[in-house]
Amino acid sequence: MILNNRELAAGAWIVIILLWVLSKAETKASLQGFLRVLLSRQILLGFLLIVTYVWGETLILSQIGLWDGSHVSKTLIWIFAVAAVSFVNVGQATNQVQFIKEIALRNFKISVILSFFVNFYTFPFLLEFFLVPFLVFIAGLQVVADGKDEYQPVKKMVDNVLAIFGLSLVTYAIYAIWTDFGHFAQVDTLRKWAVPIELSLLFIPLIYFFAVLFLYESLFIRLKFFVKDEIIYDFVRWRVLSKCRLSLTRLRLWSERLPGIEFASTKAVLASFEFRRLGERAPPPDGFRGRAWGSAPGPEMIRFTGPSDDDLTTYTLAESCSSPPLFGVPVASECYQFECGKLFGVSAFLDGSDAFDKVRYELQRLCGPATFANIPANLYKWNWEDRGIQIQLYFDASHQRATVNATCS
């Protein structure tokens, strides 16, 4: 294994920083805490599995002549720059198609390929020694400034500096290739350039496995808060495993449904696995309680309040008209809001926690997982922002009253 000047400079700085940290008494405690986290069972097992898997990749590639001992340094850099970062980000996975695309795009960005490409032509060691901390500092500024409006001028400056530096490296690499094309145009050069790409392609199945494992673990931890009975918990967990299997999409969808599932009902549990087509959202309702948005007050309604200065009025049903059930649940009372004579809101009031659970289950079944859920507050919302439509379900435990509000702004 032969290290180039850039790798030697980076290694030298790592040694310098470690020696400095170990020389300071106040930083030793922080270092010990960091090492305890780094050596925790989950992270250590994950890293050992990554190393073992990459070792298997190198064995496969070496058998077909695409990897040898001269690629060890490039492989180690790839483990920390790509594999470890992908492992840390597995919790962001939402569905298998999107996840695989994101992994592929992130691992094969032009900047990553170029970073390995320009390693073939490095600067003298002394220049590389000063360039390494400068680039780390600039990259750190970029991470801090990213996504914060107040730091956008700094981010713009940092992006320009990195762009100029990247262009300089590419220009230098092109010049070096032009002046020494015979050295560059070799099979070994192509093999070095292809190593990170080959490793990334073969690494996708493992990182996908990590994503599924992470989602299952977090889901089962959350499930404990909703299901206290061990027998029901084991049944639901087995059902999740048998229905979702290795599908990130189904796992995510069921996880989002979790707050709205009534686990005391076998029917509700089984129905929660009736997945719509992958990624499909329920369409927004055209109205509520059998009345279309924008419709005029019906003859069975009587005005309760208004009109206000904004021409807002509230209507209720006449005493001679009884409120029909909502999802089979008796409705204690209801009211309708109109603006300029057009319906934009409906409120229905139901009594008892059983009514709340039934309506929550039906809304979850018809509309999909709640867009917002505050479980301790018994508050759930379903939003269709593109249409300005919202359904809100709330339960007031002190008065044992459930309220359903549907609005179209």
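Is Phe356 buried or exposed? With a relative accessibility of 3%, Phe356 counts as buried (buried is under 20% relative accessible area, exposed over 50%, partly exposed in between, with a 1.4 Å probe and protein chains only).

A note for every view: this is a predicted model, where local features need pLDDT of at least 70, side-chain atom pairs count only at pLDDT 80 or more, and totals for chains, interfaces and linings use all residues. Residues are numbered from 1 along each chain as its sequence is written, and side-chain values use heavy atoms, leaving out hydrogens and water.

**View 1. Phe356 meets Tyr380 in a tilted ring pair.** The whole structure has eight aromatic pairs. In this one, the ring centres of Phe356 and Tyr380 sit 6.2 Å apart with the planes at 45°, so the pair is tilted. (Rings of Phe, Tyr and Trp, the last by its six-membered ring, pair if their centres lie within 6.5 Å; planes under 30 degrees apart are stacked, over 60 edge-to-face, and the rest tilted.) Phe356 belongs to helix H14 (residues 353-367) and Tyr380 to strand E8 (residues 379-384), so the pair links distant parts of the chain, 24 residues apart. (Helices, H or I with at least four residues, and strands, E with at least two, are DSSP runs numbered from the N terminus.) Tyr380 is buried too, at 1% relative accessible area. Ring pairs join Phe356, Tyr380, Trp382 and Phe395 into a cluster.

**View 2. Asp351 and Arg401 form a salt bridge.** Their side chains come to 2.7 Å, N to O (a salt bridge is a side-chain nitrogen of Lys or Arg within 4 Å of a carboxyl oxygen of Asp or Glu). Asp351 is in strand E6 (residues 342-351) and Arg401 in strand E10 (residues 401-408), so this bridge ties together parts 50 residues apart in sequence. Asp351 is partly exposed at 47% relative accessibility, and so is Arg401 at 27%.

**View 3. Arg360 and Asp357 pair up within helix H14.** The closest N and O atoms of this salt bridge are 3.4 Å apart. The two residues are three apart, about one turn of the helix. Arg360 is buried at 9% relative accessible area, while Asp357 is partly exposed at 22%.

**View 4. Arg291 bridges to Glu300.** Here the closest N and O atoms are 2.2 Å apart. Arg291 counts as buried at 19% relative accessibility, whereas Glu300 is partly exposed at 23%. The structure holds eight salt bridges.
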